[in-house]
Amino acid sequence: MHDLAVRGGMAVLGWAVVRCDIGVSGGRIATIAERIEDAAEVVRADGLLVLPGGVDTHCHIEEPFPEGGFQEESWESASRSAFAGGTTSVVAHTPQFKGGGLIEQHRAARGRAGRAMIDYGFHQIVADPSDAAMAEVPALVADGVGSLKAFLTYDALHLDDAGFLRVLQVARQNGLMVHVHCENYAAINLATRTLLAAGCTAPKYHAVSRPPVVEREATARAIALAELVGQPLHIFHVSCADVAEEIARAQARGLPVKGETCPQYFTLTADDMDRPGFEGAKFMCSPAPRTAADHEGIWGMLRRGVLDVVTSDHCGFSYEGDRGKAKNGRDAAFDAIPNGIPGLAARLPLVFSEGVSKGRIDLPAFARLVAENPARIANLYPRKGVIAVGSDADLVLWDPEREVTITNALMQHAIDYTPYEGMAVTGWPVVTIRRGEVVMRDGVVRAAPGSGQWLPRPSRPL
Ligand code: URP
Ligand code: ZN
Ligand code: ZN
């Protein structure tokens, strides 16, 4: 007897799209068969696709600020938003503050995530690779942290070459993946000072201060240093094909380098930051959104497999409020506006609509980009990211024909806006199942705070 059966849907099983039933026992997929009769609960999926639950390996949730306080997206609100959009697992970030350690922050982050409904893991940010901090890495590994995150820009976080090399070395010694934000810190600072001195302060100058070359240079440098150390590398939030070419060149040379992109890089442009007044701040993230032509470049790189993961880079900054975009006033210069935009719930609908509905990718590719490949890079596969016997029963029942106009209410996050407001999408999640439990049906999320599970991610010694 199964606990639950999903009946009559078209399931995406790796490369095959098959009409079948899926039986769940003890939170895992127990049976995939033409017909499953014995089930305590049945979820009808006629006319729907059955997809693996989304895996979003780049999120910022309830992160503390160096000056105190937390981002306003809590683990509970982020879980609601994730389920509303068909995502069932996330990997978020634990910060390190310069001069501080790792373990204390990690324990605190795990404590906050105790309220999660979604399953979760953490990347450990390294902002200060001191001997003392690096000595704490084995303890993180023992607790299931499978990756380090390095930033090559941002005042509070950036690493110089020596610092980045140290992170690469420690990661190699401990079998960890390194994820990296690639932009040239000095170049951005120079451009920012020049723009501000000329009175160019509006949100649109954010994009001018960090053009693609700034991202391309840092990407090439990060790859070269990882090659030197012999450390696999994952380049976060690639904004355009020009940057992805650096990854393609590394891959052609056989280097273990992979790349991620996010929906903002095929739906938004730098012009969005030129909306009237302070409105442009709603679209401000780093790297900056580029041009409409760059959207096609990103799709080309996704089809080639140079980029093979699409995450949200979900960032909990509202427009209003003392922690939001306008926290330094509506006339704040672009460099005083928090970077980052929310996108947890919008991710799957945007990739599906722009990708599958518009004929740019097929269904199996969609499932790989939003579920299987993120699970693989995070070392969560095959527990997560795939519909297979023995995997967690994380499933999304998806209506491929449903036409929806995105609104902030549909996102169900704690943030007071979505940068995708008013965008029309074709394809929408109607039921989300997490480890065999229906946690979202027709937009109504029902799950107990604290029901999310910590996802230990084993290290992979080289
Ligand atoms: O603008 C962004 N992306 N903010 C979030 C932090 C980061 O860079 O990933
Ligand atoms: Zn980043
Ligand atoms: Zn990020």
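Where is asparagine 379 found? Asparagine 379 sits in the loop between H13 and E16, and we will come back to that loop below.

## About the model

This is a predicted model: local features need pLDDT of at least 70, side-chain atom pairs count only at pLDDT 80 or more, and totals for chains, interfaces and linings use all residues. Residues are numbered from 1 along each chain as its sequence is written, chains are lettered from A and ligands numbered from 1 in the order in which they are written, and side-chain values use heavy atoms, with hydrogens and water left out.

## The overall picture

Let us start with the whole protein. It has 14 helices and 19 strands; helices (H or I, at least four residues) and strands (E, at least two) are DSSP runs, numbered from the N terminus. The radius of gyration is 21 Å, close to the 23 Å that the globule rule gives for 462 residues, so the protein is as compact as a globular protein of that length. That radius is taken over C-alpha atoms, and the globule rule is 2.2 Å times the number of residues to the power 0.38. Along its principal axes, the C-alpha trace spans about 70 × 50 × 45 Å.

Of the 462 residues, 61% count as buried (buried means under 20% relative accessible area, exposed over 50%, and partly exposed in between, with a 1.4 Å probe and protein chains only). Among contacts between residues at least 6 apart in sequence, 77% join residues at least 24 apart; a contact means heavy atoms within 4.5 Å.

## Surface and charge

The accessible surface comes to about 16,200 Å², and 52% of it belongs to carbon and sulfur atoms. These areas come from the Shrake-Rupley method with a 1.4 Å probe, and for residues only the protein chains shown count as cover.

The protein carries 45 positive and 55 negative side chains, and the centres of the two sets lie 3 Å apart. Here Lys and Arg count as positive and Asp and Glu as negative, while His and the chain ends are not counted. The place of a charge is taken as NZ of Lys, CZ of Arg, CG of Asp or CD of Glu.

The structure holds 13 aromatic pairs. In one of them, the rings of phenylalanine 122 and tryptophan 454 have their centres 6.0 Å apart and their planes at 35°, so the pair is tilted. Rings of Phe, Tyr and Trp (its six-membered ring) pair if their centres lie within 6.5 Å; planes under 30 degrees apart count as stacked, over 60 as edge-to-face and the rest as tilted.

Phenylalanine 122 lies in strand E9 (residues 119-125) and tryptophan 454 in the segment after strand E19 (444-445), so the pair ties together parts that are 332 residues apart in sequence. Phenylalanine 122 is buried, at 1% relative accessible area, and tryptophan 454 also counts as buried, at 14%.

## Backbone features worth a look

Two cis peptide bonds can be pointed out here. One joins serine 286 and proline 287, with omega about -10°; proline 287 is in the loop between helix H10 (264-267) and helix H11 (292-304). Another runs from tyrosine 381 to proline 382, with omega near 5°, and proline 382 is placed in the loop between helix H13 (363-377) and strand E16 (395-405).

That brings us back to asparagine 379, in the loop between H13 and E16. Its phi is near 60°, a positive value in a residue other than glycine. Tyrosine 154 is not a glycine either, yet has a positive phi of about 85°. Tyrosine 154 lies in the loop between strand E10 (147-151) and helix H5 (161-174), and at 24% relative accessibility it counts as partly exposed.

## Some buried spots

Helix H12 (residues 347-357) is mostly covered, with ten of its eleven residues buried. Among them are Arg347, Phe352 and Glu354. Just after H12, glycine 359 takes a positive phi of about 75°.

Serine 209, in helix H7 (residues 205-209), is buried at 1% relative accessibility. Leaving aside its neighbours within four places in sequence, serine 209 is in contact with Ile188, Ala191, Thr192, Leu195 and Phe334. Leucine 255 lies in the loop between helix H9 (241-252) and strand E13 (257-261) and counts as buried, at 17%. With neighbours within four places again left aside, leucine 255 is in contact with Ile223, Glu227 and Ala250.
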